[in-house]
Amino acid sequence: MLDSRWFKAAGVAVALTLASVSATAAHAAPAPDPAAESTAAVVTLRYDDSRAGGWEAAIAAGVASWNGHVGNVKLVEAAPGTRAEIQIVATSGWPQATLGPVRPGGQARVELGSLAVAQGHDKTRIAAHELGHSLGLPDTKPGPCSQLMSGSSAGTSCANAVPNAAERARVESAYAGGLASRVPADGRVLMDAP
């Protein structure tokens, strides 16, 4: 026959074991990873520059500038044969682009015009500026060289291809929460002629 003291001792031991297991499980649970949460909110936009011969290095640098300065939207080169939201082409005129913000599955066009280069404007600044239009930024003319969206009004000596804090904040706001702005893309074509 079992003594009642044994049941009490066994009950205490079981309770202590369960409490220990529960405490261990609570402490062993991994903490939420903020990096994983922030990557879930990133909007990816594909671009196709297969018709922008001669601009490849400038486009790559312009894309790198945007990708390095905004966190919730990333520009990636579209794989051959896949649909791209941003079509980039080389033209003989002035640079121009569709005003966004372009959404995933949407469509924007960037024309990188050689006339601006012939007049002395920096190719990388042109590419980054025109991509800024696709991300929803209008021109800020006239403006200083420190404003990427001042475009040609900053003069031919300006080679700044980095968006300033206000430009970055506006793009971040347009793509907040992992979605492009609920406001439809403007759709106007903005030409960057002097």
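Me: Contact means heavy atoms within 4.5 Å. With that in mind, which residues does R125 touch, not counting those up to four places away in sequence?

Reply: First, keep in mind that this is a predicted model. Beyond four places in sequence, R125 touches P144, C145, Q147, L148, S150, G151, A154, C158, A159, N160 and A161. R125 itself is found in helix α5, residues 123-134.

Me: Is R125 buried or exposed?

Reply: Start from the cut-off: buried means under 20% relative accessible area. R125 has 5% relative accessibility, so it counts as buried.

Me: Which backbone atoms does the side chain of R125 reach?

Reply: Look for N or O atoms within 3.5 Å, one able to donate a hydrogen and the other to accept it. A polar atom of the R125 side chain lies 2.8 Å from the backbone oxygen of N160. The side chain also reaches the backbone oxygen of C145, at 3.4 Å.

Me: Let's move to the strands. How is β5 joined to β3 and β4?

Reply: Count the bridges, since two strands pair if there are at least two between them. Strand β3 (residues 86-91) runs parallel to β5, with six bridges joining them. Strand β4 (residues 96-98) pairs with β5 in the antiparallel sense, over two bridges.

Me: Why is β5 described as largely enclosed?

Reply: Go through the strand residue by residue with the burial cut-off. Five of the six residues of β5 (residues 108-113) are buried, so the rest of the structure largely encloses the strand.

Me: How many salt bridges does a search of the whole structure find?

Reply: Two. The idea is to look for a side-chain nitrogen of Lys or Arg within 4 Å of a carboxyl oxygen of Asp or Glu. In one of them, the side chains of E85 and R46 meet at 3.2 Å, N to O. That pair links distant parts of the chain, 39 residues apart: E85 sits in the loop between β2 (73-77) and β3, and R46 in strand β1 (residues 43-51). E85 counts as buried, at 1% relative accessibility, while R46 is partly exposed, at 29%.

Me: Where is the salt bridge of R109?

Reply: R109 meets E111, side chain to side chain, at 2.9 Å, N to O. Here E111 counts as buried, at 15% relative accessibility, and R109 is partly exposed, with 35%.

Me: How should I read the chain as a whole?

Reply: Of the 194 residues, 38% count as buried. Among contacts with a separation of 6 or more, 65% are between residues 24 or more positions apart. Finally, the accessible surface comes to about 10100 Å², and 62% of that belongs to carbon and sulfur atoms.

Methods. Residues are numbered from 1 along each chain as its sequence is written. This is a predicted model: local features need pLDDT of at least 70, side-chain atom pairs count only at pLDDT 80 or more; totals for chains, interfaces and linings use all residues. Side-chain values use heavy atoms; hydrogens and water are left out. Buried means under 20% relative accessible area, exposed over 50%, partly exposed in between (1.4 Å probe, protein chains only). Helices (H or I, at least four residues) and strands (E, at least two) are DSSP runs, numbered from the N terminus. Accessible areas come from the Shrake-Rupley method with a 1.4 Å probe; for residues, only the protein chains shown count as cover.
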